[in-house]
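Thanks for asking me to look this over with you. Here are my notes, in the order I would take them; keep the structure open as you read.

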Amino acid sequence: METHVIDHPLVAHKLTTLRDEATDSPTFRQLADELVTLLAYEATRDVRVVPVTVITPVSPAVGVKLASPKPLVVPILRAGLGMLDGMMRLLPTAEVGFLGMVRNEDTLEASTYAERLPDDLSGRQCYVLDPMLATGGTLAAAIKFLVDRGADHITAICLLAAPEGCARLEADLASVDVPVTIVTAAMDERLNEKGYIVPGLGDAGDRLYGVVG
Ligand code: URA
């Protein structure tokens, strides 16, 4: 597994405002969207392309276009939805599959409550959107789910990551024979006793969409 922490002043600037508890939900959504687009630019460095020749007004030119099958973007519900538009801005022809996962706040283990994905992901590059790589349980379960369906290249885009989550992901995916890359805006200090990232930005879902019961 490779982890890329994106070192860019615009990434740091937007992330700092996201962290600020005074940032309201509309601003948080807007900034998360912009930040994902910046992260997506880095995350798609390995996107598969094939050579193509086009005719310019002057002469033929050799370039590339996205290979088939098209990449699959998989936001993990609920908070990953807040990252979808920012990702699709860069990959408008990608397909989108949905994975609903919830973390039990006592055991911190993840379970799947909804799934809308192609049955066969053979040969697909998948981009998983999950804002907070905290304990790593949700992301590990999501990645295994995609690999079991045949995905052969996985990149997870996370706004923030914690060292504990990355370590767990490494361990849980040790037997997974598919390249996995994590792209994040920052590697924070640690998790607290409730499994929240410190200093983090709080509950990403609540900050995007408000608190639900
Ligand atoms: N999920 C969140 O939304 N925030 C955290 O800090 C950890 C998990």
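1. Let's begin with T23. At 12% relative accessibility, T23 counts as buried, because the cut-off for that word is under 20% relative accessible area. Please keep in mind that this is a predicted model, here and in every point below.

2. Where does T23 sit in the chain? T23 is found in the loop between α1 and α2. Helix α1 spans 9–19, and α2 spans 25–43. Now look at what the side chain of T23 is doing: it reaches the backbone oxygen of T17, at 2.6 Å.

3. Is T181 buried or exposed? With a relative accessible area of 13%, T181 is buried. This threonine belongs to strand β11, which covers residues 180–187.

4. Next, have a look at two peptide bonds. The bond that joins L77 and R78 is cis, with omega at about 5°. R78 lies in the loop between β4 (72–77) and α3 (84–88).

5. The other bond to check runs from V198 to P199. It is cis too, with omega near 0°. P199 has its place in the loop between β13 (197–198) and α6 (204–209).

6. Now for the ligand. Which residues are around the ligand? They are R103, M132, A134, G195, Y196, I197, G202, D203 and A204. Sorted by kind, the residues of this shell divide into five nonpolar, two polar and two charged.

7. A backbone N or O atom of I197 lies 2.8 Å from an oxygen atom of the ligand. At G202, a polar backbone atom is 2.8 Å from a nitrogen atom of the ligand. At A204, a polar backbone atom is 2.7 Å from an oxygen atom of the ligand. How much of the ligand does the protein cover? On its own, the ligand has 240 Å² of accessible area, and the protein covers 88% of that.

8. One last thing to find: which pocket does the ligand take up? The space taken by the ligand is the largest pocket. Happy exploring!

Conventions
Residues are numbered from 1 along each chain as its sequence is written. This is a predicted model: local features need pLDDT of at least 70, side-chain atom pairs count only at pLDDT 80 or more; totals for chains, interfaces and linings use all residues. Side-chain values use heavy atoms; hydrogens and water are left out. A residue is near a molecule or strand if one of its heavy atoms lies within 4 Å of it. A polar contact is a pair of N or O atoms within 3.5 Å; within protein, one must be able to donate a hydrogen and the other to accept it, and residues adjacent in sequence count only if both atoms are side-chain atoms. Accessible areas come from the Shrake-Rupley method with a 1.4 Å probe; for residues, only the protein chains shown count as cover. On a 1 Å grid over the protein atoms alone, a cavity is a set of points where a 1.4 Å probe fits but cannot get out, and a pocket is an open set with protein on both sides within 12 Å along at least five of seven lines; lining residues have an atom within 4 Å of a point. A molecule sits in a cavity or pocket if more than half of its atoms lie within 2 Å of its grid points. Ala, Val, Leu, Ile, Met, Phe, Trp, Tyr, Cys and Pro count as nonpolar, Asp, Glu, Lys and Arg as charged, and the others, Gly among them, as polar. Helices (H or I, at least four residues) and strands (E, at least two) are DSSP runs, numbered from the N terminus. Buried means under 20% relative accessible area, exposed over 50%, partly exposed in between (1.4 Å probe, protein chains only).
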